[in-house]
Amino acid sequence: MKKLKKIDWDNIERFVGSLKFAVIVISLFTLFMIVGTFLESYYGADFANRAIYKTTAFMIVQFGILLSIIFAATLRLPPKKRLYGFYTIHSGLLIIGMGSLITYVAGVDGQITLAPNEPNRQVVLSKDILKITYPAEGKQVTTYLPFSAFKTDINETYDIIAIKEYLPFAEGKFVWSDPINHYPADAQIHSSKYHFKNAFAEQDLILSIHPEAGNDFQSTISMGPLTFNYYPEKIAHCFEENNASKIIIWNSVTAECFTPESKGLPVKTTGAKNRFVVLPYGKNFLTFFPDFSPFPMDMKLQTDEKSVIRAFSKKLFEEKPNLFLFGKKAAFYSKADKSWKMVDLVVKGPSAILPWMGAEISLTEHQDKLVPFNLPIPTIPIQKNGTLIKGDIRAVRLEILGKEYWVTNNSPLQLLVQGKKIVIEVTKETLNLPFELALTEFKMDKDPGTNNPASYESFVKLFSDGVTSNHHVFMNNPMKKSGFTFYQASYSQDSQGQYNTTLAVNVDQGRTMKYLGSLMLVFGAIWHYNLNNNNKNKKKNKTSDQNDPGASA
Amino acid sequence: LKNLIKKIVILLALSLTSLSFADTYFCKNDLENLPILQGGRVKPLYVHASEVMKNLTGKSKVGDLSAVESFCMLSLNGMGLPSDIKLSARVDHVDLMKFLGLAKDQHSILYEDLLLREEAIKSEARMIKDNESYKKAIGKLYDSIFLYKEIKSGENWLLAANINNHIEWQPLIVYLTEDKVIAQKTLTPDDPFLPVLLKSKTEFDRLNGNAKYELELYYAKAGLASWALSLTIIALATLVLFRNFNITLGFAAISALVQLVLIALRVTISGRAPVTNMYETVLFSGFGSLTLALILGHLKKEKIFVYMGLGYNVCTLMMLNFANGMLTATISPLVPVLRDNFWLSTHVTCVILSYGALALSWILSNTVLIKRKWGTITKKDELYYSNIIYTTLKWGTTMLAAGVILGGVWADYSWGRFWGWDPKETWSLIVLMTYMAILHGRHTSWIKPARFITITAGAFLSVMMAWFGVNYILATGLHSYGFSEGGAIFLGSFFLAQITLLIVTSNYKKDAILPAGE
């Protein structure tokens, strides 16, 4: 039997600690980074992280550098005076490496968004998770999704839910899918696809009132000043009535409607000339002020937003361009004729001319029961100006009781399985802070005479153990509390025009080591390269130090 | 407002009967040191008018009229005063020329004609989907039309008005009221308008002081970058052609001093470290490398460092003087994250100085490549040059390591993480790693002195990518405040030229390298 060759550790140590090995790993490390920056430029930071910076291969190269640093130093022991700078550089690099490892393993890096005067303690982290909620049981299960750049098989099962695959970057391919749940035959759950165009643009619009249509398919869409409102087909005839009051009363569940005139309900006005209608409803009366709210109001003028009976005032939609679509019918207000118009649309039929800047609309598809759905297809993302313009869908394919389902970050899945309601979401991992924060004021100064921001500042209230303290967070001025550091990261404006602030939240236990290692690296480099050589040059006077193994770090 | 403008026009018309400069009304170069508010800061009208006219037409002057005169004349249009001034936009994009119906050799079009087609241009811009460069070109043209309209309406010229001892900035059409003109007419009946405008300066100076914007006027007019270029070229010529080192040293020192004054003026005017845009980083890098070369040359008693410093300094000053499409000298307010002078003056200056030091090695290695291919060089020379290059690399990498680390500390302080694989950060590390690989490799049999020189010349491409490429080509990441346009062609040409030189000089006659001592 052939004897196994004894491992020559000395040789391995000499090779790993050699300058040639250093050149190889440094070059590989550089090559990875070059590819990473180009990937980031075309496909976004997340893709570059998943494809390069956080891959095992890149970690191995970094580990190779670490080994090279260690062995290069150990090979040059016992210490020599002329190599003190070299030892300092390599020790500094090792300490930076250890600090980075601690940050990687134990650090926290997330964001918290604060709305004015709304306390929040939830930090959103970067890891993708699949969250399964059983609302009736108050139970929640989460599982980490793989940090991969491409489609990844999972094959994990929880209860009756089999998690089959994860697409970190996907684009939606539009399809009509069967509904998951059952609905009565006359349920108003239709969806339509329209083609809209005017002098400046043309676009396909898919509008839906199907309860299973995800966030991609809404019943209201705005395009510049024009708003498209999609309503149940059953309501169209009330629009056609052209009743004097221009008020329609309808049931949001059954979509049945009538006008006050058709039921002989008087439209009265208050002393302040506000119109109202009183509708007998069972043993009660519902009072509507349709020019203010679609919901009935009680004696204290509080709206009942749970009411399925609602009132609609067409008058509110006459000033600005509003198009009402009811599947195969469309209604709009003509300012020229001072009246509401109703037009019929036929699937793949001619366009209806609208009264705004040569606009026209045609119906290309209509489905009574099928659900519009963007089927996730794996893709390579594309970024522009820091935002993904393609591939911004994260999707998980599931199998439940032999049936296939998709959950995306845009469309959570709600199911009734074996009598149990289940909500499944693709979301981000979160962390609850041991204290709460609330935004009291967000301030954005601008450069004089311009709209360019000069500073972003958040005035924050911190609630901890019954004590409230005020803090001021702005660029280059973070807030620190219980090991967490909060940085001004971003801001947004909600539909009411109020500013929300986003703070980056960070815990970095490896910080001190990274700083110490950095100092050692810089001072070591100065010592080794710039101080040592002066002495050496005095001795050698213009001769090469080419064969000195310790001359390079 | 219409009535007010009418009255002003009548007053002006009456005044003009006694004026000899009717063709330019009261638009005179006396207005050039008038403080105005534009782009988020107070500056002299001369600076703003020059920038605006250059932006609109590609040139500061319009015919015989100065930038101030043309800006003023155009602004008076908003008050209904006719003028013969006709500005043309420069159009180079082929698709845009086609859209505007321009002939192949016709690269300009009158703004007045563009105004008539404004809606069509807007509509065309909306309809472009895939052609990015066309979209950018038409977007830029649309911005220029907007600016032209703003100037013509008198809204672009903001003058300082004293409202209850507080400065309020008012557009020309609001500032130039009938009351002010009539009141002034009693004092200077021949020319009441100019004194009314100049009063804006008096009031601003009284309430706010005048030091900075007046200084900016001198700075803008001094043309220090051109002076520095001339001095550096003379210094280099005396060294290369006449081999008179003392005269070289004199001119090099004066040029460095002029550049120091240029930097100091920008620091005083902007109130921040001089490394906040591409213009300033190129300026600082050139100055820094020349200074470092003079110091190293003095310490090491090596004249060649002065040659390297001057060689690179010429390149940077050429860019400052002639690459106006890519590097703009405009001083603008900073984005919020950069408003920290400590970090600006440590991290950015350190990185830019390191690029300057590495550029010294690039100059010498390319010189050796050329000399080796088309001249003669000894083994001893080659070793000597490689040692000189090695010295600059050591300085460059040490400063770069410090700069990268300081950047990490600043990022940790501002964004909450030491390292985030942002392209600017990553490319600075790529440069460091590239040079570290070369430094390590030099001590192996892989990189001998001859190859070391070639590799060092090529390695500078990584510096150019980190410095320009991230901004002009990658254009992504958190350092977006540094992104700009117009540099991709420059960078592409640089890469092409360097790679061509490397290829052409790779095949040199070995006997050109004479043995040591011959």
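**Notebook: rings and the A–B interface**

I began with a charge over a ring: Arg442(B) lies over the face of Phe452(B), at 5.2 Å from the ring centre. I note at once that this is a predicted model. I then looked for other rings beside this arginine. Arg442(B) also lies over the face of Tyr390(B), here at 4.5 Å from the ring centre.

Next I searched the whole structure for aromatic pairs.

Then I turned to where the chains meet. I counted 60 residues of chain A in contact with 58 residues of chain B. The two chains bury about 5200 Å² between them. Of that area, 61% is on carbon and sulfur atoms.

How many salt bridges are there between chain A and chain B? I found 1. Asp412(B) makes a salt bridge with Arg511(A), and their closest N and O atoms are 2.6 Å apart.

Which elements of chain A supply at least two residues each to the side that touches chain B? I listed α2 (19-43), α3 (45-53), β22 (382-384), β28 (453-464), β31 (484-493), β32 (499-507) and α8 (511-540). α2(A) gives the most, with 15 residues. Last, I sorted this side of chain A by class: 30 nonpolar, 21 polar and 9 charged residues.

Definitions and conventions: Residues numbered from 1 in each chain as written. Chains lettered and ligands numbered in written order. Predicted model: local features only at pLDDT ≥ 70, side-chain atom pairs only at ≥ 80, totals over all residues. Heavy atoms only, no water. Lys NZ or Arg CZ within 6 Å of the ring centre and 35° of its normal. Contact = heavy atoms within 4.5 Å. Buried area = accessible area lost by both parts, 1.4 Å probe. Salt bridge = Lys/Arg side-chain N within 4 Å of Asp/Glu carboxyl O. Helix = DSSP H or I, 4+ residues; strand = E, 2+ residues; numbered from the N terminus. Nonpolar A, V, L, I, M, F, W, Y, C, P; charged D, E, K, R; others polar.
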